[in-house]
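Please keep the sequence and the coordinates at hand while reading.

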Amino acid sequence: MAWKDVFSYVRAVAANKGVTKGEARADDDAPLGARIGSVVQIQMSPIIRAQANGSLIAMPAAGDTRILAVSQIRLQPETELYRLYLDKGDDAADEKFLQVFCGDDGKVAEVLYCTQLARIIPETADDQDAYTGVAGYGLGDAGYTLWREQLADMLGAQELATVFGESDRLDYTRDAGGDAQFASPFKGRETRIDDAAGMHGLRQEMYFMPYVRRLADGSREYLLITTEIVESVDGDAGKRGIHVDFVIGIPVEQERIVIQ
């Protein structure tokens with residue numbers, strides 16, 4: 001049952017039945033032994049160190065201690081990611097999640113702790129073409145710049161000084177696609193499940209590109225830009241929409257994460 005089309009279930013039956021002892025769960029194959037409802041402990045030292053060196057990463061909130069949802073992302077060319085959501089970003093909250101990349105052998109190769117920086121809605125056809133890479137520019141360009149004035153309303157004076165120093169810009173370099181001026185973004189689909197039975201969640205088409213910069217201590221900070229086209233929510237294909245998420249991620253050693 002794990003990682004099938006979780007919205008193909010007969011929801012009325014599932015709602016009455018739920019998941020019983022010994023029954024397969026929709027989150028059975030999640031990495032790091034994670035389950036929806038699992039308690040997560042993350043050592044704060046990598047996050048504190050990243051912030052001190054100019055990262056835009058946000059600290060976990062006091063309530064970000066449980067996995068609220070698990071998603072699998074399949075991207076072309078052959079890339080598979082998992083996201084373990086500590087905050088789903090519902091009700092105008094910012095998303096927080098652990099993004100897990102597994103190698104061909106199925107073992108965890110990299111874990112990023114990620115926090116949403118901003119979400120925008122591309123309202124015109126030209127904007128949508130740019131943020132899906134269809135236009136041949138935009139998402140997929142060799143670099144991306146965040147400007148101090150863009151973040152002035154989001155960060156305090158001290159945070160701005162720590163992040164930008166004397167500069168007015170943060171320059172990120174595309175982390176895929178070689179040296180080409182433009183590389184088509186990864187395209188795929190995310191299936192997110194919000195309960196063990198797989199009855200609630202969403203499915204969305206994705207256009208994704210990672211960008212990266214070096215912090216003051218030489219460590220990496222990622223800017224993950226993802227255009228998401230919602231296809232269904234809780235199996236309802238009538239709930240559609242498009243938005244672009246800007247997410248900051250920093251690598252965290254697997255040993256610094258405990259999931260129970």
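**Helices, core and charged pairs**

Helix α2, which spans residues 45-52, has Pro46, Ile47 and Ala50 as buried residues. Viewed along the axis of α2, these buried residues fall within an arc of 100°, so they line one face of the helix. An α-helix has 3.6 residues a turn, so residues three or four places apart point the same way. The model under discussion is a predicted one. In it, the buried residues of α2 pack against β1, β5 (108-120) and β11. Following α2 comes Gly54, with a positive phi near 100°.

Just after α5, Gly165 adopts a positive phi of about 60°.

Positive phi values also occur at residues other than glycine. Leu32, which is not a glycine, has a positive phi of about 60°. Leu32 is located in the loop between α1 (11-17) and β1 (40-42), and it is partly exposed, with a relative accessible area of 23%. Asp234, likewise a residue other than glycine, has a positive phi near 50°. Its place is the loop between β10 (220-233) and β11 (241-251), where Asp234 counts as partly exposed at 24% relative accessibility.

Attention now turns to the interior. In soluble globular proteins, nonpolar side chains tend to be buried together. Here the largest nonpolar core has 62 residues, of which Leu56 and Tyr113 touch the most other members. Strand β9 (residues 201-214) supplies the largest share of this core, namely six residues.

Which side chain makes a polar contact with the side chain of Ser71? The partner is Glu190, at 2.6 Å. Ser71 belongs to strand β2 (residues 69-76) and is buried, with 0% relative accessibility.

The salt bridges in the model come to 13. One of them pairs Glu80 with Arg74, whose closest N and O atoms are 2.7 Å apart; Glu80 is partly exposed, at a relative accessible area of 25%. Another joins the side chains of Glu110 and Arg220, with an N to O distance of 3.5 Å. Because Glu110 lies in strand β5 and Arg220 in strand β10, this pair ties together parts that are 110 residues apart in sequence. Glu110 is partly exposed at 27% relative accessibility, and Arg220 is partly exposed with a relative accessible area of 31%.

A further salt bridge is formed by the side chains of Lys187 and Glu205, at 3.7 Å from N to O. This pair links distant parts of the chain, with Lys187 in strand β8 (residues 186-193) and Glu205 in strand β9, 18 residues apart.

Note on methods:
Residues are numbered from 1 along each chain as its sequence is written. This is a predicted model: local features need pLDDT of at least 70, side-chain atom pairs count only at pLDDT 80 or more; totals for chains, interfaces and linings use all residues. Side-chain values use heavy atoms; hydrogens and water are left out. Helices (H or I, at least four residues) and strands (E, at least two) are DSSP runs, numbered from the N terminus. Buried means under 20% relative accessible area, exposed over 50%, partly exposed in between (1.4 Å probe, protein chains only). A polar contact is a pair of N or O atoms within 3.5 Å; within protein, one must be able to donate a hydrogen and the other to accept it, and residues adjacent in sequence count only if both atoms are side-chain atoms. The arc is that of the directions from the helix axis to the C-beta atoms. Contact means heavy atoms within 4.5 Å. A nonpolar core is a set of buried Ala, Val, Leu, Ile, Met, Phe, Trp, Tyr and Cys residues joined through side-chain atoms within 4.5 Å. A salt bridge is a side-chain nitrogen of Lys or Arg within 4 Å of a carboxyl oxygen of Asp or Glu.
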